[in-house]
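Reader: I would like a close look at one part of this model, the packing of a pair of helices and the core around them. Please take the geometry before the contacts.

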Amino acid sequence: MIHKLKTTGHFMIVLLLSMTTFLTSCSNDDDNVNPPNNNNTTVENVLTDIDFQGYAIVTKNGNDLVRQGFGLANESTAMPQSDNLAYRIGSVTKTLTAAAIVQLKRDGLISDFNQTLNEFDAEFPNGEQITIAQLLSHQSGISDYQFVVEDAYEQGATLDEEDIYEVITDMISENGLNFEPGSGKQYSNSNFLIAALLVQELSQMSYHEYIQQKILIPLGMTDTYKGDNIIDADTHAEGYESGSINSTYPMTIAFGVGDFSSTPKNMETWTNAVKTTWFTETEKTEIFAQNVPSGFVDFGLGWFTTQEGDTTMYWHGGDINGYWSMIGFIPEYDATIVLLSNNQDDTGTQRNAIIQQVLTNEFN
């Protein structure tokens, strides 16, 4: 046993994605985004203009457009931002979970991404309808557990990942799925918690150990690790929201969906690995959404694909208390994008402005 908006199709790039905590939801009312219109505006100027706080890496054809910190990593100690400092990465964790599922297939522990959940848990409600691929591309129809579990935590409950799994199955048993699997797309953290538990069950290793052994250690990503509820302020950027410290979060709630911390340098290594050879060419056709129309963004298996004219960007973002993040790459320009912020952005305005800038001004 494996121990807010409903959508169908694609999403307009000008509307983009608005994220809250480590949950991503699709939004069509992001009126706060004011992307730069000056074609001579640089990425560095945009980051300054939007008051970005964190560390940014943006490269193009092997050259740095920006590689620097903005603001402070800790305002009490005046610690500067650094590419070797840890930040919570939120839902960027999902790119590692999806990669772990690919590694399960390489290891022969699953045979196909179209295997259904009932093959691993015969009692999973509607499990015969839901495939692994539908989990990783948010096509399962499973409701998100996040707010239910956070409410329980606020009332004093202590839930681990298997308890949350039971919450998810109970929600399905009581309320059904939000839509028939494969007929719609709705971002749900439940998908990736289930996927992380699948990694754990089939590998007979802890989820985090499997990722360490199969992904992080081979790539030399020694500064990427399961985050703690309370950060170590000596090695980790302090998180802020509206000027106040906001770095604490019960990380068991984010199991497999948003519980890693990492450094900008490690996230650059991961992004470059995905951009080049970590996935085979055959795997890439399965992982990344194909044939996305210009002006739209679509879900792949753990990654978004955004198309703007002839420019294709693969990426994922994340938000969790006190932090927001984004990694991505643009093959046509051999471009890498890593943004790790220690200043919470509930509306996604900063990320949207940067995406708009790189797609319309820097890479077109």
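Author: Angles between axes under 35 degrees count as roughly parallel, over 145 as roughly antiparallel, 65 to 115 as roughly perpendicular, and the rest as oblique. The model is predicted. In it, the axes of helix H5 (residues 161-175) and H6 come within 10 Å and cross at roughly 130 degrees. H5 and H6 are therefore oblique to each other. Their crossing is left-handed.

On the H5 side, the contact is made by Glu161, Glu162, Ile164, Tyr165 and Ile168. H6 contributes Ser190, Leu193, Ile194, Leu197 and Gln200. Sorted by class, the contact between H5 and H6 has six nonpolar, two polar and two charged residues.

Leu193 of H6 also belongs to the largest nonpolar core, which has 75 residues. Leu193 is listed there among the residues with the most contacts inside the core, together with Ile101, Ile142, Met267, Trp270, Phe279 and Trp303. Helix H6 (residues 189-203) supplies the largest share of this core, eight residues. Apart from it lies another core, of 25 residues, including Met326, Ile330, Ala335 and Ile337.

Trp270 shows what surrounds one of the residues with the most contacts in the 75-residue core. Neighbours within four places in sequence aside, Trp270 is in contact with Thr95, Leu96, Ala99, Ile215, Leu219, Met221, Trp278, Trp303 and Ile327.

Methods. Residues are numbered from 1 along each chain as its sequence is written. This is a predicted model: local features need pLDDT of at least 70, side-chain atom pairs count only at pLDDT 80 or more; totals for chains, interfaces and linings use all residues. Side-chain values use heavy atoms; hydrogens and water are left out. A nonpolar core is a set of buried Ala, Val, Leu, Ile, Met, Phe, Trp, Tyr and Cys residues joined through side-chain atoms within 4.5 Å. Buried means under 20% relative accessible area, exposed over 50%, partly exposed in between (1.4 Å probe, protein chains only). Helices (H or I, at least four residues) and strands (E, at least two) are DSSP runs, numbered from the N terminus. Contact means heavy atoms within 4.5 Å. Axes are lines fitted to C-alpha atoms, for helices over the stretch in contact, and angles run from 0 to 180 degrees between N-to-C directions. A crossing is left-handed if the near helix is turned anticlockwise from the far one by less than a right angle, and right-handed if clockwise. Ala, Val, Leu, Ile, Met, Phe, Trp, Tyr, Cys and Pro count as nonpolar, Asp, Glu, Lys and Arg as charged, and the others, Gly among them, as polar.
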